[in-house]
Each structure stands twice: as C-alpha cells, then as structure tokens.
Amino acid sequence: MSARRKEPPSRRANRAPLFAAIVVIVALWPFVHRGLVLSHDIDPWRLGGFAMYTTYQRTIVGFFEVTGAGLRVVQEGELPEPVREVLTRFRIRRSALGTWESPDEAVRALHAARPELEHLVVAIQRLWLDPATAHIASEKKLLPYVAGTPLDAEAPPGP
Amino acid sequence: MPKTPHGASRADDRTWADRLLAVAGGEAPDVAATRVDDFRRFLVLYGAVRSWLWLPLAPDSSGLLAPLALCHTVAAAMVFVPRGAEWAARGALAVVLGQVVWSFPLAANHLYLELVCLVLVALPRPGDARDAAAALSGLRWTAALVLFHTGLQKVFYGAYFRGDFLALMAGADERFGRAFRFVLPGAELERLAGLDRSRTGAGPFRVDSPIFVVASNAVWIAELCLPVLLLSRRGRVWGALGGVGLMVGIQVVALEIGFALLFVNLLLLFLPGRWNARALPFTLVIFVWALGAAAGWLPGQPVDWNLL
C-alpha cells in the first residue's frame, strides 16, 4: 500500500452517511419522478428518472386567437424573432416539465408583440402510448387569456 | 480494529450507512481505492471528451461551453496525477453541474448518472482508503439501482408486456427498425412506420410475433433480476457479465454509446481485478475516433452514436 493509501487517523469523521445518502437519493428519486409524471405530466424520458425508452409521450402546443368564428391559429412566422424564441422555449420546457411550466410568460410576450390579440387560448395536447389499447391516446387543455392575463377557470376541452 | 468490507469498524458499532454500503463492498480498502482511482480516470476523461463533442451542437453557447470543456480537459489531465485525482474530480463535478444547469430540463439521464458518479468519486478525502471503499460501494449501488429502476419504470408504464413500445419504436426509429427486421415481416414494419404518432387513435402498435414479445419482456425482467445478482456476493460476477451482455444487446437496437460506456465501466467495478484500467485503452480509441469524426478527420458522426 502506498503512503497515500494509509488508513486515516481515527479522529477523522466517518463519511459513510454522505455516500449512503447519495445511494438513498438514487434509490428514491425515480419513485418521486414517477409521481411527477402522474401529477404534473413531466416527460418520463427527462429529469433523471431513468424511464427513457419506457413509453412514448409527446406534447403539442398551439397558440390561438379567439374570434367570432372560433379559434384561429396565431401566425408565429410573422412574430419578431425574440418572441418566437420565447414560444419555442416554452414548448421545450412544457414538454419536459409538464404543468410546472406555465404559459404566462409566453402569452405576455405574444400579447406585447401583438396587442390586438386580446383574447388568446393556449392549447396543450399531450399524446401517449396507451398500453391498454396499443393506440395513441391524448388529452387536451385549453388555457384562455385576456390581454395577456390568464382567466381563472380553465376552459373545457374543445373538440 | 477489524474492518467491515467497505472499511468501517466492526458490526457492533456500525451505523446504518456502514451497513448499507457493506452490501456492495467486499474489497480491502486499499484495493477499493485503486478501483476507484481507475474509474475516476475513466469518468473524468469521458466527461472531457463529451464536453468537446457538445461544442458543435450549440455554437451560440460556445462562450460558456468552450471554457467548460477547457476546464474539463485540465481536470482530465490532473486526474492522472496522484495527488491531483480527487481535486480533478471536484473540478469535473463543477463543470458537469454547470452543464446540467445549462441543458436543463433537457439534460439526458446519463448526464445525471455522470453527475452522481462524480459526486461519489469527488467525496473521498485524498489518501483516505476508508472513504475510497465507501465510494466504491456507492458506485456499485448506483449501478444496481439504475439498472433496477430502468426495469421497474418499464413495469410502471406497461408498454413492454405486449411489445407495444418496441413496436412503436420499430416504426419510428431507423435504428430499431433495422434491428427488428429479422423478427418482424417487412410489411409489418412498413405498417408501423406509416402510423402517425401525433394523431389521437393511431395504432395499433402491437405485432403478432411471439419472439418479439418475448424479447420485449426479457428486457425488463433482466433489468429487474440482474441488480439482485449484482448485490449478492456470490452472484456479483454473473450479474456484471449479464449486465454487460444486456448493454451489448441494447447497443444492437438503440445505439447509445455514451450511456453504454459509462454503464459498462460501472459494471466492471463488480468484477475482480482492475478491469476499468484494462478497458481504458479501448475506451480511448473510441474517444479519439469520436473527436476525430467531430473534427471531420475520421468517418462517422458522434451525434448518431449518442456519445454526447
């Protein structure tokens, strides 16, 4: 044994609890992760839950203007580049973080760039592989905004 | 005073942590320290190569990523210096922590695994063989737990029992389609590829192939059973060899070289002898090839190998 490998003096604190705590975190986190998938729709493949290649999940986000004739897609290609970046960032983060990621910032940026779009709806559709049927299942949420501010009640899912 | 396998004092004054770590221990502390040194060298070198491979993917962030890659490279050089190894791991830990924050929430699971491993190899105090033994136990526990959780998560989501997820991937991902063309008829692969996964009601992602369903179930069963072998003294070697076999099988279907290199090196920690040190030259060849390919000097695309 080299000099570097000599046993430590007995007065040195035992660091075993630190190492063991890391093991405990690695053991427990995937259960918390599973809970967050169920409660907040986070992406099973992300955030260190080791659930990659377990299932398919996809989140699709659309921004709509409310008109007398119904919902009309906001033409994002016509928005300034910084606003498009905010919307893209929201899509990425919503897909990974689920309901933890609120669309408020994205809608505020959209409303600031296009104040005439007073009534907006953010449509968020989550698709997943349903093992009971082996088909793609989905759930849609419509989040209404007026002048960049969220309405309290969530709108009922549309068709 | 007699020592437990990971170096703590005898059973009567062991803490809960000592008992937990002893499950995956077994080596004399100085042997464990050598094993941890070998793994630490691999880990910091692996991270440094990965850091450089990140650069072309995010040229807009090179102002942050390039200095991080440089720091990682310095750490990779330091990790081979006897008195600098633990500090090299601490430097690499800071770099990877920065990369996790930068890539959050899209950081890959193997980046988190790399982070956990770095914490474990950075914690030992220089020259403290008892700490090194605890680190070796922690690394082994981590490998067993990650493998177990990958299997358990497949049970939770239920998409492996009848092969649904692999059927979806066979149609969605060229790598999977290539691997499964031996067990699925061409027409079935074509049908799966033609299904629109972004449309509600698309499907069925299910195939009439007993071999395919058996293979699908074999994956999660192996992932749940191998950790039990890994954590038993008698089955440890078989568990490690089975785990390496599983990794090779996964590479045939889903090329994930980054995760595979890291995980195989974790599994090698269960084998008697310095297998991490023996494997390092082969790993270096892959690293050099990946860097050469990223620079355009050698054939291949590291992005396609998922080495990042």
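Predicted model: local features only at pLDDT ≥ 70, side-chain atom pairs only at ≥ 80, totals over all residues.

I began with a pair of helices in chain B, where B:Arg40, B:Val44, B:Arg50, B:Ser51 and B:Trp54 of helix 2 meet residues of helix 4, among them B:Ala85, B:Glu86, B:Ala89, B:Val95, B:Gln99 and B:Trp102. Contact here means heavy atoms within 4.5 Å, and helices (H or I, at least four residues) and strands (E, at least two) are DSSP runs numbered from the N terminus.

Residues are numbered from 1 along each chain as its sequence is written, chains are lettered from A and ligands numbered from 1 in the order in which they are written, and side-chain values use heavy atoms, with hydrogens and water left out.

I then looked up the geometry of the pair: the axes of helix 2 (residues 29–54) and helix 4 (residues 85–103) of chain B come within 10 Å and cross at roughly 35°. The axes are lines fitted to C-alpha atoms, for helices over the stretch in contact, and angles run from 0 to 180 degrees between N-to-C directions.

Next I turned to chain A, for which the domain assignment, automatic or from a database, gives domain 1 (14–54) and domain 2 (57–150). Their contact takes 9 residues from domain 1 of chain A and 10 residues from domain 2 of chain A, and the C-alpha centres of these two domains lie 29 Å apart. The area buried between them is about 800 Å², with carbon and sulfur atoms giving 54%; buried area is the accessible area (1.4 Å probe) that two parts lose on being put together, summed over both. I saw that A:His40, A:Asp41 and A:Asp43 supply 60% of the area that domain 1 of chain A buries against domain 2 of chain A, more than any other three residues.

Between these domains I count 2 salt bridges, each being a side-chain nitrogen of Lys or Arg within 4 Å of a carboxyl oxygen of Asp or Glu. The side chains of A:Asp41 and A:Lys141 meet in a salt bridge at 4.0 Å, N to O.

Last, I went through the loops. A cis peptide bond joins B:Phe104 and B:Pro105, with omega about 5°, and B:Pro105 sits in the loop between helix 4 and helix 5 (109–122) of chain B. A cis peptide bond also joins B:Gly203 and B:Pro204, with omega about 0°.
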